[in-house]
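Keep the viewer open as you read.

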Amino acid sequence: MSENLDNFTPRSSFLNIMKERGYIHQCTDPEGLDAKLLEGIVPAYIGFDCTARSLHVGSLVQIMMLRHLQKSGHKPIVLLGGGTTRIGDPTGRDESRAMLTDEQIQENMDGIRKVFEKYITFGDGPTDAIMINNADWLDKLNYIEFLRDMGVHFTINRMLSFESVRLRLERENPMTFLEFNYMILQAYDFLELYRKYGCLLQMGGSDQWGNIVNGVELTRRVDRAEVYGLTTPLVTLANGQKMGKTLGGAVWLNDDMLSPYEYWQFWRNADDADVGRFLRLFTELPLEEIERLERLEGAEINDAKKILANEATTLCHGPDAARLAAETARKAFEEKSLAADLPKVGIERTRLEEGVPFSELFVLAGLAKSKGETRRLVQGGGARLNDERVEDAELLITLGHLNPQGSIKLSAGKKRHILVVPE
């Protein structure tokens, strides 16, 4: 259903940006979609299930696509999966997702809403974004009627061929009938959005290709309408790690789950090999400037990383937060001073009165996952206490280690720092 896009030259502004900056992996009908984009405003959607109180940078490619779509004169539709989250997308998973209560899903939806307001403009205008909850129609479905009207358009043979299902079965990991229904419901979402809002395009990651194709085909069969699907390549770090996850946990987009400083540091610590690609995908710098920056070598590549961090943090948290993060980093790393804006973790004062082993405090601060990992870092010379190298992982840390500012600065390597503050 897709075709080789190497020789495809878009005429529309949106697809041209998508191709130049590396967003396109597959498209159901690139020529047809390109023509639609030239005719007028195209409403397009991406779905996001509500499995946490924030999205992380693994969703940022899709968020940036909606931003570029709106800036190109089209209408973004953010579809929150208030209904489908109750099932859980089996794509890319070897086991079922944990079941969430309605209250948990609503709390997660409230947190996710905050992310999109940073990137796109919502309102009642023709190109203003709208946010929809698929529970609005999924909750009202009559199961027998739904099976009769929609189930006839899906074959088990075809569904078993989709990669998300095939890989799960090849690994002999069970897939419940509940999860098997997910792809049908996602296809039905596209049909509903076409009927209610004239939505012509669904976008998503490459792992969603099968689900998106299902929606395109269902809409064509049921309403005889021509709609389109577009996917992005899978984005991984240069080390092969999945985008959005680090050794310290998820890189959240909401500042109540990850500070702007830590977010800035994630981008500043990007691998040299990732800088050019990340500048294209996660900033709006002109391509000419990106090409100049990715040609930098040696120590100069750090300048490109700082620009990446500043631009990405500005989009997510605003220019003031980006400037503060950059200044905090400069003080912490270049001046080796104690910056008050470093991330903080609290500890009961009574515990410091009694004394806490350094290895335990390091884990409490989130700089290591275990005492064993702390000991290995100490042995390698990578653990510091108030900027001084630690030789003994079991050193007892007490109130006597407080610096003049009333905190204890812990460091893992040269780039990860945290302040422990007695409470």
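In this predicted model, Thr231 has a relative accessible area of 0%. A residue counts as buried under 20%, so Thr231 is buried. Thr231 belongs to strand β6, which covers residues 228-232. Who surrounds it? Setting aside neighbours within four places in sequence, Thr231 is in contact with Tyr23, Ile24, His25 and Gln26, with Gly204, Gly205 and Ser206, and with Trp209 and Ile212.

From one buried residue, let's turn to buried groups. As a general point, nonpolar side chains in soluble globular proteins tend to be buried together. Here the largest nonpolar core has 103 residues, and Leu60, Phe116, Tyr263 and Trp267 are those with the most contacts inside it. Helix α10 (residues 182-197) gives the most to this core, with eight residues. Apart from it lies another core, of 20 residues, with Ala365, Ala368, Ala383 and Val390 among them.

Not counting residues up to four places away in sequence, Tyr263 touches Val57, Leu60 and Tyr119, then Val251, Trp252, Leu253 and Leu258, and finally Ala312, Thr313, Cys316 and His317.

Tyr263 also takes part in a helix contact, where Pro260, Tyr263, Trp264, Trp267 and Arg268 of α12 meet Asn302, Lys305, Lys306, Leu308, Ala309, Asn310, Ala312, Thr313, Cys316 and His317 of α15. By class, the residues of this contact divide into eight nonpolar, four polar and three charged. How are the two helices arranged? Helix α12 (residues 260-268) packs against α15 at an angle of about 140°, and their axes are 8 Å apart. The two are therefore oblique to each other, and their crossing is right-handed.

On the α13 side, the contact is made by Val275, Phe278, Leu279 and Phe282, while α15 brings Ile301, Ala304, Lys305, Leu308, Ala312 and Leu315. The contact of α13 with α15 has nine nonpolar residues, no polar ones and one charged.

Methods: Residues numbered from 1 in each chain as written. Predicted model: local features only at pLDDT ≥ 70, side-chain atom pairs only at ≥ 80, totals over all residues. Heavy atoms only, no water. Contact = heavy atoms within 4.5 Å. Helix = DSSP H or I, 4+ residues; strand = E, 2+ residues; numbered from the N terminus. Nonpolar A, V, L, I, M, F, W, Y, C, P; charged D, E, K, R; others polar. Core = buried A, V, L, I, M, F, W, Y, C linked by side-chain atoms within 4.5 Å. Buried < 20%, exposed > 50% of the residue type's maximum accessible area, 1.4 Å probe, protein only. Axes fitted to C-alpha atoms, helices over the stretch in contact; angles between N-to-C directions. Parallel < 35°, antiparallel > 145°, perpendicular 65-115°, else oblique. Left-handed = near helix turned anticlockwise from the far one by under 90°.
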